[in-house]
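Here is a briefing for a reader new to this structure. Take a look at the sequence and the model, then read the points by topic.

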Amino acid sequence: MASENRPLSPHLQVYRPQLTSVLSIMHRGTGIALSAGTLLLVWWLVAAASGGDAYADVKAFWGSWIGRLLLLGWSFALFYHLCNGLRHLFWDAGKGFDLDAAYRNGWLVVGAAIVLTVVAWVWGYSSMGAL
Amino acid sequence: MSLRSPLGKVRGLGSAKEGVAHWWAQRMTAVALVPLVIWFVASVCAMVGSDIGAVREWIGTPLVSILLVLFVIATFHHAQLGLQVVLEDYVHTEWLKIASIALVKFAAIALAVAAIFSIVKIALR
């Protein structure tokens, strides 16, 4: 049954990305990143239960530039995955599925994720008394 | 040749039976995580810069402890369901696929237990 001419699924080297496909793979990518980010959540909780020295290590890591960069990435990943996850739930209910709507709510998700990330960081820095 | 009837093949695998258990669990944990994530992120934003005493006091508040445990369970259940699908899609060597999925599931359980134990320890101190 082997045939040389069977249609192939999108080939990455010749496939022109569109918003819909980029957002789709980003949902996966952010999901994987957030799974890795759970290590930080667990580290934080275990350190809080362990004591002052362990907690000071967590705080020092978050305060470092690499820690902040990771947190920035993870916070955007979280808000993106949250917003796009809601988009998926609407799709599961059969809403917002036609092409125009998929583009509209796709851009809405990107905008909402950026706005929420900015809000969270402004809030965080103002809690610290840095603003 | 299979001796199973067409009905038998479909039962348990087709629509609305155990065949969608994974898909459904991913949706249900997603729905649960929407309010839990918003609550958790907002709480953390409000606590940035707090010392360990304030953080422990917050974690130890009964309502917060309960919500945190729910958040941890929903997060790790959702994460391992999602990572399983990713590994099933991209890892084509059978033993490696099974081993990596098993590793993800063990890690999810271990991390969730570590997180829940820490929350309970702080709450009961």
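**Two helices and two chains**

In this predicted model, the axes of H2(A) and H3(A) cross at roughly 75 degrees and come within 4 Å. Angles of 65 to 115 degrees count as roughly perpendicular, so H2(A) and H3(A) are roughly perpendicular to each other.

**Where H2(A) meets H3(A)**

- H2(A) brings Phe61(A), Trp62(A) and Gly63(A) to the contact.
- From H3(A) come Trp65(A), Ile66(A), Gly67(A), Arg68(A), Leu70(A) and Leu71(A).
- Six residues of this contact of H2(A) with H3(A) are nonpolar, two are polar and one is charged.

**The interface of chain A and chain B**

- Chain A puts 31 residues into the contact, and chain B puts in 40 residues.
- About 2,800 Å² is buried between chain A and chain B.
- Carbon and sulfur atoms give 76% of that buried area.
- Eight residue pairs are in polar contact between chain A and chain B, with both residues at pLDDT 80 or more.

**The side of chain A that touches chain B**

- Four helices of chain A each give two or more residues to this side: H1 (19–50), H2 (52–63), H3 (65–92) and H4 (99–127).
- H1(A) gives the most, with 15 residues.
- By type, the residues of this side of chain A divide into 20 nonpolar, eight polar and three charged.

**Salt bridges**

- Side chains of opposite charge can pair when their charged atoms come close.
- Over all chains, the structure holds three salt bridges.
- Two salt bridges are found across the interface of chain A and chain B.
- Arg27(B) pairs with Asp92(A) in a salt bridge, and their closest N and O atoms are 2.9 Å apart.
- Asp89(B) and Arg28(A) also meet through their side chains in a salt bridge, at 2.7 Å from N to O.
- Asp89(B) lies in helix H4 (residues 62–90) of chain B and Arg28(A) lies in helix H1 of chain A, so this pair joins two chains.

Terms used. Residues numbered from 1 in each chain as written. Chains lettered and ligands numbered in written order. Predicted model: local features only at pLDDT ≥ 70, side-chain atom pairs only at ≥ 80, totals over all residues. Heavy atoms only, no water. Contact = heavy atoms within 4.5 Å. Buried area = accessible area lost by both parts, 1.4 Å probe. Salt bridge = Lys/Arg side-chain N within 4 Å of Asp/Glu carboxyl O. Polar contact = N/O pair within 3.5 Å; in protein donor to acceptor, adjacent residues only side chain to side chain. Nonpolar A, V, L, I, M, F, W, Y, C, P; charged D, E, K, R; others polar. Axes fitted to C-alpha atoms, helices over the stretch in contact; angles between N-to-C directions. Parallel < 35°, antiparallel > 145°, perpendicular 65-115°, else oblique.
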